[in-house]
Amino acid sequence: MPSDGAARPVVAQARHFGDEAARQGAAHMGMWVFLASEVMLFTALFTSYALYRLAYPQVFHQGPHHMDVTLGTLNTYVLVTSSVLVALAIASIRAGRELAAGGLLAGAAVLGVAFLSLKGLEYAHHARDGALPGAHYAYAKFAIPGASLYFTLYWVMTGVHAVHVTVGVGALSVLAFRTLEGRFSAAYHTPLELGGMYWHLVDLVWLFLWPLLYLV
Amino acid sequence: MSLARAEPTMPEEHYLNSERGLWSWLTTQDHKRVGVMFLVAVLLMFLLGGCYALALRLELLTPEETVMGRLAYNRAFTVHGVVMVWLFLIPSIPTAFGNFLLPLMIGARDVAFPRLNLASFYLYVLGAALTLWAMLQGGVDTGWTFYTPYSTATGTDVMPVLLGVFVVGFSTIITGLNFITTVHTMRAPGVGWMRLPLFVWAIYGTSIIQVLATPVLGMVLVLVALERVAGVGLFDPARGGDPLLYQHLFWFYSHPAVYIMILPGMGVISEAVSVFSRKNPFSYRVLVWSTVGIAFVGFLTWGHHMFVSGQSTFGAGAFSVLSMLVAIFTALKIFTWLSTMYRGSIWVCTPFVYVLGFIFLLFFGGMSGVAVAVTSADLHWHDTYFVVAHFHFIMVGASLMAFLGALHYWFPKMFGRRYPEGLGVGTAVLIIFGFIATFLPQFLLGNQGMPRRYADYPEHFQPLHVASTAGASLLGFGFLIVAIYLGWALLHGAAAGRNPWESRGFEWYSASPPPESNFHEPPAFPHGPHDYARPGIEPEVGHAL
Ligand code: HEM
Ligand SMILES: [Cu+2]
């Protein structure tokens, strides 16, 4: 009989695993699989984007001129910075600096809120111009056939992304709070790593949306 | 062969009686209890879908209106399809048997994320409730595929169904994620990848499809919902949108989804063939790699559902050839099973009869799949009863046979009791016969040009429709008998003992029914999972306390 289960310490949370390390390994693996599935979710949207870009090349060339590039770019900086903060938070908790980790996470969450606010501002501009999706499209300055599809995709893609940001902000806030409570340490911080992985994905998706919708 | 040598006994404490009361079930994190709850749920859905099936067949008994009008007919086949596909066939084997057996088969104490597992069950229940609620509100007439632009334009209440299927999709993703992680991280020492039971391989391959394909479906459903609510116009030609995009994205999920339905079944058959032939699989590796192959190629064939949609000729040709590849992997499996049986000491008991039914129906249904994958032939058969017969042979025929086979094979493991063998075999034969009587006439109908989804039809089709309805009644009767004797066995069946089939499968090393938490410490299995070549080694396994 291999000495496995008996020899290694079994933490309460790892009741059905060999040990805590195995449990953490599983948690990471689970998160990776989940992220793969998230990527497929956005793939459906990117595919639609590619298809309509092929169908209406002119629209998709002109579309970015009707975007607020400043706000979009600012948002990119905001999100990338928050991603860096999360990475620093994880480095801190690994080094045992719980206070710093908690603060950095809170900072990242605040930047997430900033992102959503800027996005809201942008949405408000579009709504004022009448650049709404589908049936509600009434943007006179960009009225060639297919233009409403461009904005439809813009709303759907950034909307789905914004939902992810909102979930992420919630997760980061809870993690920040619990870190400051002292629930995590250099020895145990798996939830922080998982939250970080999720946030990096949200960031990464934006790094694709930004050029597609604002630049090219 | 006789059932077991010594008088079988039941362990005094097991997962069924370790805790009592409804609440302990509803809050359980034990994979076995979650599996049993899923089993009950999918069986209920099967019953519901089955009732609608009988109603449809009844309507088709005569050329004119028999029991319902045309709108009611449209709604009835939509409920039937939605319930059977989304709520029964896709979740059935993975959630019920996968949950129950996967940890036992790899020597683990539970799945990797027990709480997520329970959450997956509740998501399933929520999704099913939403879907059925819409049906009660008057029903939907889109068919199970929700094709746009019809689904965005129809006056019936499509939203809750879209939402329901979306939520069920979440449940599917979570279950798949859980299984993948479990197989990767929780195998007992010595259970290497090439020592995984074939059922585990099948569930693993299925899980990968679930995790990668379901999100695409989820997104498409969201888009259709947005189209209905906000008129976003992505699929509406009037707004410049493209309905074909819907079909592409839908079948990108739904073709792999047909393999979500069939791969677990193939896993069940691989287990059972080996046990009841008392032989090692003819080639374990072929069975494993064809599973992986099917999981992979399944993603590349979706276009064969769109041969008549205005696809380019090149596209059609490519999808036609890729579809054939799937058939090759399937054929490899069939040959391997037959070679396993060849010169085995065959034990004809209930699960084995279902195995035979499965192989026959899969072969027949697979061949008809190759036929409809030939573009020129599909022009004739598309949207006729030929296609209906094809996918019923594969899905109802094969997947359902595997489900029933699994139910009979693992019933003693799950509940510690035996059912009347003779009745089991007889009913299995009845079901297979009823099945063929139901769907064989539909091939002929389709070939003569009877379109699918019509409530009325020209008179000369009637004899074949009558034959089909008669077959469906036999089928329904067969299910009723199964329900009765299994229900009886649950309460009064003789104790099964640990391993009534004398199987070498790893799951039989635990008691029947297994105790809570399965094993006290990771068990060491002394041989491969299907090793019938060297009998006689019966190790001690430390059970959970
Ligand atoms: C092995 C499991 C299989 C399952 C569960 C399955 C299931 C299905 C289903 C559900 C449909 C009908 C979809 C609808 O409602 O329109 C269908 C259609 C089709 N299947 Fe299969 N199938 C299987 C195997 C195959 C194979 C091996 C091939 C090809 C080699 C194939 C080729 C096709 C084609 C071409 C159609 C479309 C026919 C048409 O609409 O004209 N199938 N299948
Ligand atoms: Cu297909």
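Residues 197-215 of chain A are 100% helix and 0% strand, with end C-alpha atoms 27 Å apart. Like everything described here, that comes from a predicted model. Another span of chain A, residues 151-177, is also 100% helix and 0% strand, and its end C-alpha atoms lie 38 Å apart. Both spans turn up in UniProt, where an unreviewed entry lists "transmembrane region" at residues 31-52, 73-93, 99-118, 151-177 and 197-215 of chain A.

Chain B has a record of its own. For residues 17-526 of chain B, UniProt gives "domain: Cytochrome oxidase subunit I profile", again from an unreviewed entry.

Now for the ligands. Twenty residues sit around ligand 1, and the ones that come nearest are D378(B), H382(B), H390(B), I394(B) and R452(B). Polar side-chain atoms reach the ligand from several places. R452(B) puts one 2.9 Å from an oxygen atom of ligand 1, and W144(B) has one 3.3 Å from an oxygen atom of the ligand. H390(B), for its part, has a polar side-chain atom 2.8 Å from a nitrogen atom of ligand 1. The largest share, five residues, belongs to α13(B). Sorted by class, the shell holds twelve nonpolar, six polar and two charged residues.

The iron atom has a metal neighbour: the copper ion (ligand 2) is 4.4 Å away from it. What holds the copper ion on the protein side? Its protein donors are H255(B) through ND1, H304(B) through NE2 and H305(B) through NE2, at 1.8 to 2.1 Å. Along the chain these donors follow the spacing H-x48-H-H. H255(B) belongs to helix α8 of chain B, while H305(B) is in the loop between α9 (284-297) and α10 (313-341) of chain B, so this pair ties together parts 50 residues apart in sequence.

What about empty space inside the protein? Rolling a probe the size of a water molecule over the atoms shows where such space is left. Here the count comes to four cavities of 30 Å³ or more. The largest cavity holds about 50 Å³ of space. Its lining consists of I90(B), P91(B), P94(B), T95(B), Y124(B), S171(B), T172(B), T175(B) and Q210(B). At least two of the lining residues come from each of α3 (70-106) and α6 (158-185) of chain B, and α3(B) gives the most, with four. By class, this lining has four nonpolar, five polar and no charged residues.

The second largest cavity has a volume of about 40 Å³. W86(B), I90(B), V165(B), V168(B), G169(B), T172(B), T214(B), L217(B) and Y253(B) line it. Two or more of these residues come from each of α3, α6 and α7 (198-230) of chain B. In this case α6(B) has the largest share, with four residues. The lining of the second largest cavity has six nonpolar, three polar and no charged residues.

Finally, a few spots in the backbone of chain B stand out. Most residues other than glycine have a negative phi, and most peptide bonds are trans. Where are the exceptions? A cis peptide bond, with omega about 0°, joins T148(B) and P149(B). P149(B) is in the loop between α4 (114-136) and α5 (150-153) of chain B. The bond from S512(B) to P513(B) is cis too, with omega near -10°, and P513(B) lies in the segment after α15 (462-492) of chain B. R453(B) is not a glycine, yet it has a positive phi of about 70°. This arginine is found in the loop between α14 (421-447) and α15 of chain B.

Note on methods. Residues numbered from 1 in each chain as written. Chains lettered and ligands numbered in written order. Predicted model: local features only at pLDDT ≥ 70, side-chain atom pairs only at ≥ 80, totals over all residues. Heavy atoms only, no water. Near = heavy atom within 4 Å. Polar contact = N/O pair within 3.5 Å; in protein donor to acceptor, adjacent residues only side chain to side chain. Nonpolar A, V, L, I, M, F, W, Y, C, P; charged D, E, K, R; others polar. 1 Å grid on protein atoms, 1.4 Å probe; cavity = no way out; pocket = protein on both sides within 12 Å on 5 of 7 lines; lining within 4 Å. Points joined across faces, edges and corners; volume = space filled by probe spheres on them. UniProt positions renumbered as here; feature names shortened; annotations may be inferred. Donors = N, O, S within 2.8 Å, 3.2 Å for Na, K, Ca; no water.
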